Amino acid sequence: MARAGADEKVGHARYTYRLRASSTARALLAAEWGRCRWLWNECVAKSRAVHLHNRATGEKTTCGPAQLDRMLTEARARTPWLREGSCVPQQQVIRDFGRSRAKAHKDIAERQPVARRVGMPRWKTRRESLATLNCTRRGFRLKDGRLHLAGGIVVSVVWSRELPAEPSSVRVYQDSLGHWYCSFVVPVQLQPLPATGRVLGVDWGVKEIATTTSDAHDLPHPGHGRKAREKLTRYDRMMARRRPKKGTSASRGYRAAKRLRAKAHKKVTRQRADTGRKWAKKVVRDHDAVAVEDFRPKFLARSTMARKAADAAIGATKAALIEMGRKHGRDIRLVHPAYTTMDCAQCGARAKRALPLGERTHTCTACGTTAPRDKNSARVMLVRAGLNPAGADGGRPPGALLQEAA
């Protein structure tokens, strides 16, 4: 069991805004991204060359940020095209590459399963990769409501809300529709909410995204992807009919269909995020502590429930709940999901066999208690987290265990 940061007094948050970029600014941003993408690919090539050299000679030559920084200095000295861009986002590319490579090596050293490894950094192609530029404090400034980036790039920001403090860094990126956004990192204070004296257990699922110990806080499956499936299928067929042959450029109709498809997917993504945030806000507002199943739904992608599980966006909803709890100073406790459907929340006894997927009722063979399977799992979360189940529904069941389950 782990706790998600309830003791932090000061943290950092990202504030994202839409950008209104002129044609000149878009051209400069695309040129800057071209340099950063080229530098990333050079880092990938250097890393692979060092790996092959070490494997052939038995040496242990490194390829860390220090070596890549020297490579960048030499490249900027002899390449005018690279020198035309700012060194700030280029240095951040090296930092990002170093973190990605270090994480891949850490997963290999810890013998993580291949399915859980992030993998070594790969090439970024011009057609498939989206532009992303990171700048530290010396690489940007805000003046008269506009964002000035290093290299003479000036863009207008749509200030939908005020920044709570001075930003320390900014990320300028482009989405699949070609829209530009900026994301500022700012220090923020916790915004504590009034104490309620209530606790909640959350169990994730597919039929219902979240089943809780309180019926009023269950999150039913909204089915945003299912509602948009007809439109998405239509755009897929349009793209299939107009798909260009290999080696030829795409037609205007193909690009238009691709944009319509991306726009529909973007709408579904925003609907899922909005549903998750609103539910998380309601849960955090009404409860002091929440016991959340530390569920990782990646395995569902290989099951018959893959499409519905992807439409549920369990991972995004879980992240929204943890972030909302951190923002308002609530106690969010992550509980390991092992045997949560087999344990009885009433007496703590564990079933001798796992329940079939189609069985929705949990019946304890020790105490004879019968309860809905997901509701029982949600109460098990409270028991394992050490929280008093009495706060969830106003009454403590007889014989409930308050100690953490083994």
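Leaving aside neighbours within four places in sequence, cysteine 36 is in contact with Pro89, Gln90, Val93 and Leu133, contact being defined as heavy atoms within 4.5 Å. Cysteine 36 is found in helix α1; helices (H or I, at least four residues) and strands (E, at least two) are DSSP runs, numbered from the N terminus. Cysteine 36 counts as buried because its relative accessibility is 1%, where buried means under 20% relative accessible area, exposed over 50%, and partly exposed in between (1.4 Å probe, protein chains only).

The model is predicted: local features need pLDDT of at least 70, side-chain atom pairs count only at pLDDT 80 or more, and totals for chains, interfaces and linings use all residues. Residues are numbered from 1 along each chain as its sequence is written, and side-chain values use heavy atoms, with hydrogens and water left out.

The protein chain has 406 residues, of which 39% are buried. Its secondary structure comes to 11 helices and 15 strands. The C-alpha trace of the chain spans about 80 × 55 × 50 Å along its principal axes. Of the contacts in the chain with a separation of 6 or more, 67% are between residues 24 or more positions apart.

Nonpolar cores were taken as sets of buried Ala, Val, Leu, Ile, Met, Phe, Trp, Tyr and Cys residues joined through side-chain atoms within 4.5 Å. The largest such core has 38 residues, and those with the most contacts inside it are Leu147, Leu149, Val170, Val172 and Cys182. Helix α1 (residues 23-57) supplies the largest share of this core, 9 residues. A second, separate core of 24 residues includes Ala210, Trp279, Val292 and Ile332. In soluble globular proteins, nonpolar side chains tend to be buried together. When residues up to four places away in sequence are not counted, valine 170 touches Leu133, Asn134, Cys135, Phe140, Leu147, Leu149, Cys182, Ser183 and Phe184.

Aspartate 69 lies in helix α2 (residues 65-78). Outside the four places on either side in sequence, aspartate 69 is in contact with Ile94 and Arg95. Aspartate 69 and methionine 305 are 236 residues apart in sequence, and their C-alpha atoms are 46 Å apart in space.

The structure holds 1 cavity of 30 Å³ or more. A cavity is a set of points, on a 1 Å grid over the protein atoms alone, where a 1.4 Å probe fits but cannot get out, and lining residues have an atom within 4 Å of a point. About 50 Å³ of space lies in the largest cavity, the volume being the space filled by probe spheres set on the points, with grid points joined across faces, edges and corners. Its lining is formed by Ile209, Leu219, Pro222, His224, Arg272, Thr275, Gly276, Asp311, Ala312 and Thr317. Two or more lining residues come from each of α7 (252-286) and α8 (306-312), and α7 gives the most, with 3 residues. The lining divides into 4 nonpolar, 4 polar and 2 charged residues (Ala, Val, Leu, Ile, Met, Phe, Trp, Tyr, Cys and Pro count as nonpolar, Asp, Glu, Lys and Arg as charged, and the others, Gly among them, as polar).

Helix α7 has 35 residues and reaches 51 Å from its first C-alpha to its last, close to the 51 Å expected at 1.5 Å a residue; the expected span is 1.5 Å times one less than the number of residues. Among the buried residues of α7 are Tyr254, Val268, Gly276 and Trp279. For helix α9 (residues 314-327), the 14 residues should span 20 Å at 1.5 Å a residue, and the end C-alpha atoms are 20 Å apart, which agrees. Buried positions in α9 are Ile314, Thr317, Lys318, Ala320, Leu321, Ile322, Met324 and Gly325. Just after α9, glycine 329 takes a positive phi of about 70°.

Most residues other than glycine have a negative phi. Alanine 313, although not a glycine, has a positive phi of about 55°. Alanine 313 lies in the loop between α8 and α9 and counts as buried at 16% relative accessibility. Tyrosine 339, also not a glycine, has a positive phi of about 65°. Tyrosine 339 is found in the loop between β13 (331-335) and β14 (361-363), and its relative accessible area of 45% makes it partly exposed.

Key
On a 1 Å grid over the protein atoms alone, a cavity is a set of points where a 1.4 Å probe fits but cannot get out, and a pocket is an open set with protein on both sides within 12 Å along at least five of seven lines; lining residues have an atom within 4 Å of a point.
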